[in-house]
Amino acid sequence: MEYVQQLFEQFFGIEWGGALLILTRNLALILLIVLPLLLGVAYLTLAERKIIAYMQIRVGPNRVTFFGIPWLAGWGQPIADAVKAIMKEIIIPSGANKFLFVLAPVLTIAPALAAWAVVPFSPEIVLADINAGLLYILAMTSMGVYGIIIAGWASNSKYAFLGTMRTAAQVVSYELAMGFALVCVLMMSESLNLSDIVKGQQGGSFLNWYLIPLFPMFLVYFISGVAETNRAPFDVAEGESEIVAGFHVEYSGMAFTVFFLAEYSNMILVASLASIMFLGGWLPPIDIIPFTLIPGFIWLLLKIAFLLFCFLWFRATFPRYRYDQIMRLGWKVFIPITLAWIILLGGIMQLPPSFLNLWPLNLWFH
């Protein structure tokens with residue numbers, strides 16, 4: 001054992017006891033991130049059904065409860081749904097590639113969970129505060145499309161394969177617009193570190209947030225996030241009148257539930273990144289008492305909750321777009337707008353310091 005410890009210390013350059021302490025800390029942080037995230041995914045489904053029900057003058061889930069407590073009526077519904085999904089049989093089509101069929105849901109949800117490693121919840125709460133955090137996020141989120149492609153191909157179904165092609169084309173198209181929108185944030189903050197991006201928006205009020213100078217980019221990013229997560233009104237992959245349920249039409253039981261979890265995890269991730277990049281992250285809207293007395297991660301959660309409400313609001317409001325309309329919006333509207341904004345922003349950044357020190361440019365360029 002002593003020989004193993006010596007090899008470890010020589011190879012990694014840290015003491016054995018320190019490594020165990022770091023490992024324990026990281027495992028605790030992973031649990032503190034993943035468990036609330038999974039719980040949030042479960043109850044986001046309940047919020048979706050209740051909010052849309054109120055908008056449509058319905059009741060929504062109001063039967064399943066905990067231990068018969070009346071004021072918790074409906075709150076047990078996500079738990080009941082999870083138990084039902086666990087007890088359902090996973091049926092693999094006879095002509096499917098069994099290994100890839102099972103692997104596809106894992107490839108879909110793994111990047112959605114791995115991306116949270118660099119998301120800062122407050123100045124003190126972040127699992128990995130790496131300098132290339134924004135690049136890591138882009139790399140992780142772009143990998144989810146592989147799970148979608150493999151799911152449609154491994155199912156050996158023409159319906160699933162058609163849904164895969166439509167979904168993959170949509171995701172790739174809107175990833176370009178999202179990436180260009182985030183380039184504008186990178187140019188203003190001059191950093192790929194997510195914590196530094198939030199700190200770059202400090203200054204006393206919401207006027208310093210990147211939402212104001214980059215408001216068109218915020219709209220592009222958020223709408224592209226709705227499209228990339230296959231949410232209404234961009235859910236053409238699930239056009240029931242055309243191709244049944246899209247790329248996961250052959251899935252059942254927990255295998256289908258994993259796709260469901262990945263979709264809602266990506267919704268929360270998009271809302272979190274939009275809050276960090278454009279809405280000041282953990283910063284309060286006004287840097288005065290009593291706003292400063294509220295912990296930073298509470299402000300971040302409130303911003304995430306508002307953006308998630310917008311996700312649900314869109315679903316209850318807008319009809320589904322045609323596929324050609326979705327492609328036109330991505331390639332002929334969003335991408336040209338983001339490229340033009342990058343050029344405009346680059347031109348502003350080349351102005352002499354005397355101009356950048358004038359109001360309101362001095363709020364965002366330090």
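## Stop one: a helix pair

Start by selecting helix α6 (residues 158-189) and helix α8 (residues 215-228): their axes come within 9 Å and cross at roughly 155°. Axes here are lines fitted to C-alpha atoms, for helices over the stretch in contact, with angles running from 0 to 180 degrees between N-to-C directions. That angle makes α6 roughly antiparallel to α8 (under 35 degrees counts as roughly parallel, over 145 as roughly antiparallel, 65 to 115 as roughly perpendicular, and the rest as oblique). The crossing of α6 and α8 is left-handed, meaning that the near helix is turned anticlockwise from the far one by less than a right angle.

Now show side chains. On the α6 side of the contact, pick Q170, V171, Y174, E175, A177, M178, A181, L182 and C184; on the α8 side, pick M217, V220, Y221, S224, G225, A227 and E228. Contact means heavy atoms within 4.5 Å. The residues of this contact divide into 11 nonpolar, three polar and two charged (Ala, Val, Leu, Ile, Met, Phe, Trp, Tyr, Cys and Pro count as nonpolar, Asp, Glu, Lys and Arg as charged, and the others, Gly among them, as polar).

A word on ground rules: this is a predicted model, where local features need pLDDT of at least 70 and side-chain atom pairs count only at pLDDT 80 or more, while totals for chains, interfaces and linings use all residues. Residues are numbered from 1 along each chain as its sequence is written, and side-chain values use heavy atoms, with hydrogens and water left out.

## Stop two: I342

Jump to helix α12 (residues 323-349) and select I342. Buried or exposed? I342 counts as buried, at 18% relative accessibility (buried is under 20% relative accessible area, exposed over 50%, partly exposed in between, with a 1.4 Å probe and protein chains only). Leaving aside residues up to four places away in sequence, I342 touches F180, V183, C184 and M187.

Select E190, in the loop between α6 and α7 (194-199). Its phi is near 55°, a positive value in a residue other than glycine. E190 counts as exposed, at 63% relative accessibility.

A cis peptide bond joins A232 and P233, with omega about 5°. Then go to P290, in the loop between α10 (253-278) and α11 (296-317); the peptide bond from I289 to P290 is cis, with omega near 10°.

## Last stop: zoom out

How many helices and strands are there? The protein has 13 helices and zero strands; these are DSSP runs numbered from the N terminus, helices being H or I of at least four residues and strands E of at least two. The radius of gyration is 23 Å, close to the 21 Å that the globule rule gives for 366 residues, so the protein is as compact as a globular protein of that length (taken over C-alpha atoms; the rule is 2.2 Å times the number of residues to the power 0.38). Of the 366 residues, 45% count as buried.
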